[in-house]
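Open the model in your viewer and keep the selection panel at hand.

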Amino acid sequence: MGRKQKQKQKNKNKIVLPPELPPELADEEIEFSDEDVDFVETNPDYTHYFVDKIDTEAITKEVKRVAGAEEDTWEAAHLERKKRQAEREKNDIKKQAQLQHPADALPVKTLDGKLFFPTEHIKSKFSKDEEDNEEDGKDKQLDKSLVRLTKAEKRAKEKKMRKDAKKQGKDYVKTDQPNEETPQAAVLAEVQEDLTAEEAFENKMRKLAELGTALLADPESNIRSLKDLLQLSRDNDSSIVRLALRSLLAVFKDIIPGYRIRLPTEKELEMKVSKDIKKMRFYESTLLSAYKAYLQKLVISEKQPTFQHVVIRCICNLLEAAPHFNFRESLLSVVVKNIGSHDDIIRKLCCDTIKSLFTNEGKHGGEATIEAVRLIADLVKANQCQLHPESIEVFMSLSFDENLGKPEEPEDPKLKYKKNKKRKDNEDPNKLPENDRKKNKKMLMSKMKQEVDADYKSASFTPDVRERRSMQSETLSAVFETYFRILKQTMHSIKTSSEANTNAVAVASVPHPLLDPCLNGLGKFCHLIDMDFINDLMNYLKKLAAAGNNPLNASEKGHNYLTVSERIRCCIVAFKVMKSNLDALNVDLQDFFVQLYNVILEYRPGRDQGEVLAEALKIMLCDDRQHDMQKAAAFVKRLATFSLCFGSAESMAALVTLRQLLQKNMKVRNLLENDAGGGSVSGSVAKYQPYGTDPNQSGALASVLWELNLLSKHYHPSISTMATTISTMTTAQTQVFFANITPQQAFLDLSLNLESFEPKGNFQKLNKKRKVRTISESDEAIDTPMDVDGVSKKFSEHFEVLRGIKENETLRRELDRTNVSLQLFEEYKKQKKSVGKPKSKKSKV
């Protein structure tokens, strides 16, 4: 009992300090919310009620517990409480410094087998404040650092800082801003960034190489690495993206199988299969998903100019290497879209890829060929035939069976009857029917055989004869559809331009770049054209061959009028179509001969193609049967005049054609006779008309081939010898001639020889006395003055002649225009008179 009383006495005598009051604040810093002020103003009675309800007894009780004590004891108690608080805070700091952070460092294993985690000393705000206070030597701040601020003090401090910031006109920021870096630190930071970027680039390149080699070495076990490669292709560095795309291209070209991957259905997934089949299914599905993602990346990057060349090269290589694989349609659409690109590199890559598809049909069985031809046809239609010529030149790489245009031969009924008869003879009527077991076995064997045949067919890409025939017919129809669309578009543009010229209305010229390759394609595949379209095609070609005659000015032709080479090609195509369908076609080709006869005068060596002219001379004049005498003589005379005006290659082709015409037509050799009044046979026209448009009405038999005399003195020895051999021909029937060379071959040989040909001049030999000259004489000859006045006089005379020729040409053009306008005016008068006559009769009545 005594202990308890002593304990109670000590507790009574113990000094208990009152709780700490909140810090004193100035009246300016105290802020009241608007809601509190409104509440007090609206409820004045509540303030009296609040003051009355304050527990004054509890307050006096707390104050009395300290009031009786002495001041020294009260201050000592107060200091002890502060010391205890400071010691408690120091212990907290030590505990916080001794905390372990296993995530920041790797553990270390000791010899005993225990794990030791290295610790990291964390400096708190209080330790930083202590260091700053030690440097400054301020004891007051040390005391403040030991005392933690209350929430009210923090709030007051923040308000004060906000007010100071408003006074200075700056925004208040809670966190301390770091000090500005020095220029040396900035340079060091840039160098460090460059070094880290180079290291990252090298690491990415090394990773690309490792992933690629691992996939090529063992694709089945490392198939997941494709996702890592795809992730690298989405990098921010453009060079890494290019390398990743090329690496993926090499990997896919190597690991793509030789068949199309078909993912299993839901029923097949529910079935129980072996581990190998599961592994194969996982491999195929992963490969297909990665391949799809790669193609999507290529299609997206193709629109960016920085990756366009790389992406097009990857797509073309993929399509060329694996045209049988999945997602072929997306690759073909990109390639065909860029087949008419303005970039030469991209266009050449796409055209070469399409040509390889057409030539190597064994890789895809002809399916890719049909898709590509249809896409090209749609592209031509969408662009209204305004594409690069190479976009349809790829059709020249197509190959068709020779019997594609012919109808299928029905099976002989006799052979069918014999087969059925043999089958009936082999069957024994007395033989008993087979058991059900044997029937089931035969049915299973037949099913297995059909499945094996189907698998072999899909693996080898060799379609049946009927399937191949149907695919080729579809391809051919799409090709001819494109060709006929180009012809129709060209005819439409020419028609609109001619109507505008007659009405004197300005119309924008529309070029036709696809006509030349279209005519080449028609000439190659003309033996496969259906008979129903040949008459329409011949009418189109006849109109196009006559489309170069500009009524106002033949020398200044717009884009809407065809060139000489294009008109000659129309004539060539017409003759090829005629020769390939001789049995079923009867068309008069006289209009095409007339066009060739007129085009020869419009030919220019630098502007037009000499190979086309040589081909036309061969097909229309040399290969054709014997011509009419008047027509053959007209062509002989015009070709002789032509060979005087142009280069050696064109002259040689014309002379070869001329010789063959003279060999075939014996009566035309009368042009070689040099009579006083012309040729010995004048024909129906007594006078030769050199500028006539119709060869049958030119009267060439009334002239002589005086051009051969000039050609025999030609500077080129081949042409001079050819002219002399032609002039020695006679009208005797016993002569035999051999045509060993064609106009095309002559043009090609002479055009190649002209590069290394040097004409030999016939210079007179000088006397020995004049050859032997001293140095002084040569110097005197060099120093002799030149007659400047004589040279200038000769030049002026020469240029006057040229000026007169040009003025004559302009006057002739104006005269032609006036003649045309006068003819139109006379026609207008006649029409007006014919309209006005019936009105006058009515008035008289």
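Select aspartate 608. In this predicted model, aspartate 608 is buried, at 8% relative accessible area. Arginine 607 is exposed, because its relative accessibility is 54% and the cut-off for exposed is over 50%.

That pair belongs to a wider set. How many salt bridges does a search of the whole structure find? The total is 19.

Next, select glutamate 371 and arginine 328. They form a salt bridge, and their closest N and O atoms are 3.1 Å apart. Colour helix 15 (residues 328-337) and helix 17 (residues 367-382): arginine 328 lies in the former and glutamate 371 in the latter, so the pair ties together parts that are 43 residues apart in sequence. Is arginine 328 buried or exposed? Arginine 328 is buried, with a relative accessible area of 3%. Glutamate 371 is partly exposed, at 22% relative accessibility. Arg328, Glu367 and Glu371 are linked in a network of salt bridges.

Go to helix 16, residues 344-359. Select lysine 348 and aspartate 352. Both lie in this helix, four residues apart, which is about one turn. Their side chains meet in a salt bridge of 3.2 Å, N to O. Lysine 348 is exposed, with a relative accessible area of 54%. Aspartate 352 is partly exposed, at 35%.

Leave the charges and look for a nonpolar surface. Select Val791, Phe795, Phe799, Val801, Leu802 and Ile805 and show the surface. These residues form a nonpolar patch there, with about 520 Å² of accessible area together. Start with valine 791, which lies in helix 34 (residues 788-844).

Finish with the cysteines. Select cysteine 526 and cysteine 645. Cysteine 526 is buried, with a relative accessible area of 5%, whereas cysteine 645 is exposed, at 54% relative accessibility. A disulfide is a covalent bond between the sulfur atoms of two cysteines. How many disulfides does the count come to? With the cut-off for a sulfur pair set at within 2.5 Å, the count comes to zero.

Key: Residues numbered from 1 in each chain as written. Predicted model: local features only at pLDDT ≥ 70, side-chain atom pairs only at ≥ 80, totals over all residues. Heavy atoms only, no water. Buried < 20%, exposed > 50% of the residue type's maximum accessible area, 1.4 Å probe, protein only. Patch = residues over 30% accessible without salt bridge, like charges linked within 9 Å, V, L, I, M, F, W, Y side chains within 5 Å. Areas by Shrake-Rupley, 256 points an atom, 1.4 Å probe, with all protein chains shown as cover. Salt bridge = Lys/Arg side-chain N within 4 Å of Asp/Glu carboxyl O. Helix = DSSP H or I, 4+ residues; strand = E, 2+ residues; numbered from the N terminus.
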